[in-house]
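Subject: Structure handover

Hello,

Here is the structure we talked about.

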Amino acid sequence: MDVSETYINNLVENLKSLKNFCKEQGSEFLFYLCSNKETIYPEFCPDGYHVNEQPNRSERILEKLADNGVLFLYPKNLFMELKNTEQIYNKKYDAGHWNMRGSFYGQKEVVSYFNKLFPKMKNLEETEFSISENKMEYLINSHFRIDEQVPLYQIKETSAVEDFTIFENVILGDMNMYHFHYKSDAPDDAEKPKILIYGDSYFQTVAPFYFNHCSELLLLHSHNMVNADYHISTYQPDIVIFEAVERVLQQARYIDDARVSRRFYTLKGNDWQ
């Protein structure tokens, strides 16, 4: 991947600013970088698809984030191990994304981390789901025949209920992109955290993996991050997660220069203020 140090510095400054704003609001922040399919399965890519011995944008971004104290998860090493025993990206169907099995393992890492801060969450387990396979006969949006078995995870029990009334009062930058809200009124869920997630198409179907691990979930497409400060201050989540897949990080919308300019932070002692 081409590496622009200017872009990397601006992106990291943006994420640091968002992390610090979350801290001011009492929210924990996590950046989740999803691996491209070709990162995990390079052996199935055409010759010449990869350029070897070139700087890697993802590694440079993560190095900078670590230097600036921004928490992140990047499941590359985990997925490289899992692929020896599991099919975590589909072979042909929805070829650019992880499948539900890969998504499960990805969200399991997130829930496991935050369970240390919010023990009532408990860990995400496969026993929560009925796991089966769907036979997909054609590619998405086309009539190319594939006949592929695709994993399906269906939650067995949950108190989470979809509630769209929140969108009567919450401003969205792009109503055409996915936006979901789920809430549980079960007494056992009251002490679980409220979670706000911004994600791209990789995260569109992750909601069931959080149903039994939060009191409330607001899941918004990352196009709506332009209003992140407003959403966080209004919704008051305990946890804020921003997810992006490697291949789209070069897009300008992932840098909110306006928020960074409003919130100029300097290092004081060992903490960003």
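Start with F209. Leaving out residues up to four places away in sequence, F209 touches M100, S103, F104, Q107, V111, L124, F129 and Y153. Bear in mind that this is a predicted model.

**Overall picture**

The protein has 273 residues, and 49% of them are buried. Its secondary structure comes to seven helices and 11 strands. Take the contacts between residues at least 6 apart in sequence: 70% of these join residues at least 24 apart.

**Cores**

F209 also belongs to the largest nonpolar core. That core has 42 residues. The residues with the most contacts inside it are I195, F203, F209, Y210 and I241. Several elements give two or more residues to this core: the helices α4 (76-82) and α5 (100-117), and the strands β1 (28-34), β4 (145-155), β6 (179-184), β7 (194-199), β8 (216-221) and β9 (239-245). Which of them gives the most? That is α5, with six residues.

There is a second, separate core. It has 30 residues, including I8, L15, V70 and F167. As a general point, nonpolar side chains in soluble globular proteins tend to be buried together.

**Helix α3**

α3 covers residues 57-67. Its buried residues are R57, S58, I61, L62 and L65. Seen down the helix axis, the buried residues of α3 fall within an arc of 130°, so they line one face. What covers them? The cover includes α1 (5-25), β1 and β2 (72-73). After α3 comes G69, with a positive phi near 70°.

**Helix α6**

α6 runs over residues 228-235. The buried residues here are A228, D229, H231, I232 and Y235. Viewed down the axis of α6, they fall within an arc of 165°, so these too line one face of the helix. Just after α6, Q236 takes a positive phi of about 55°.

A228 deserves a separate look. Its relative accessible area is 0%, so A228 counts as buried. A228 and C22 are 206 residues apart along the chain, yet their C-alpha atoms are separated by 9.8 Å.

**D189**

D189 sits in the loop between β6 and β7. Is this residue buried or exposed? Its relative accessibility is 7%, so D189 counts as buried. The side chain makes two polar contacts worth checking on screen:

- D189 to the side chain of S184, at 2.6 Å.
- D189 to the side chain of K192, at 2.7 Å.

Setting aside neighbours within four places in sequence, D189 is in contact with S159, S184, C214 and S215.

**Cavity**

How many cavities of 30 Å³ or more does the structure hold? It holds one. The space in the largest cavity is about 30 Å³. Its lining is made of A160, Y182, K183, S184, Y210, F211, C214, S215, E216 and L217. β6 and β8 each supply at least two of the lining residues. β6 gives the most, with three residues.

This ties back to earlier sections. S184, C214 and S215 line the cavity, and they are also in contact with D189. Y210 is another lining residue, and Y210 is among those with the most contacts inside the largest core.

**Second largest pocket**

The second largest pocket holds about 350 Å³ of space. It is lined by 18 residues. Those nearest its centre are Y93, D94, W98, M100 and T205. α5, β3 (129-138) and β4 each supply at least two residues of the lining. Which element has the largest share? β4 does, with three residues.

M100 links this pocket to the opening note. M100 lies among the residues nearest the pocket centre, and M100 is also touched by F209.

Best regards

Terms used:
Residues are numbered from 1 along each chain as its sequence is written. This is a predicted model: local features need pLDDT of at least 70, side-chain atom pairs count only at pLDDT 80 or more; totals for chains, interfaces and linings use all residues. Side-chain values use heavy atoms; hydrogens and water are left out. A nonpolar core is a set of buried Ala, Val, Leu, Ile, Met, Phe, Trp, Tyr and Cys residues joined through side-chain atoms within 4.5 Å. Buried means under 20% relative accessible area, exposed over 50%, partly exposed in between (1.4 Å probe, protein chains only). Helices (H or I, at least four residues) and strands (E, at least two) are DSSP runs, numbered from the N terminus. Contact means heavy atoms within 4.5 Å. The arc is that of the directions from the helix axis to the C-beta atoms. A polar contact is a pair of N or O atoms within 3.5 Å; within protein, one must be able to donate a hydrogen and the other to accept it, and residues adjacent in sequence count only if both atoms are side-chain atoms. On a 1 Å grid over the protein atoms alone, a cavity is a set of points where a 1.4 Å probe fits but cannot get out, and a pocket is an open set with protein on both sides within 12 Å along at least five of seven lines; lining residues have an atom within 4 Å of a point. Grid points are joined across faces, edges and corners, and a volume is the space filled by probe spheres set on the points.
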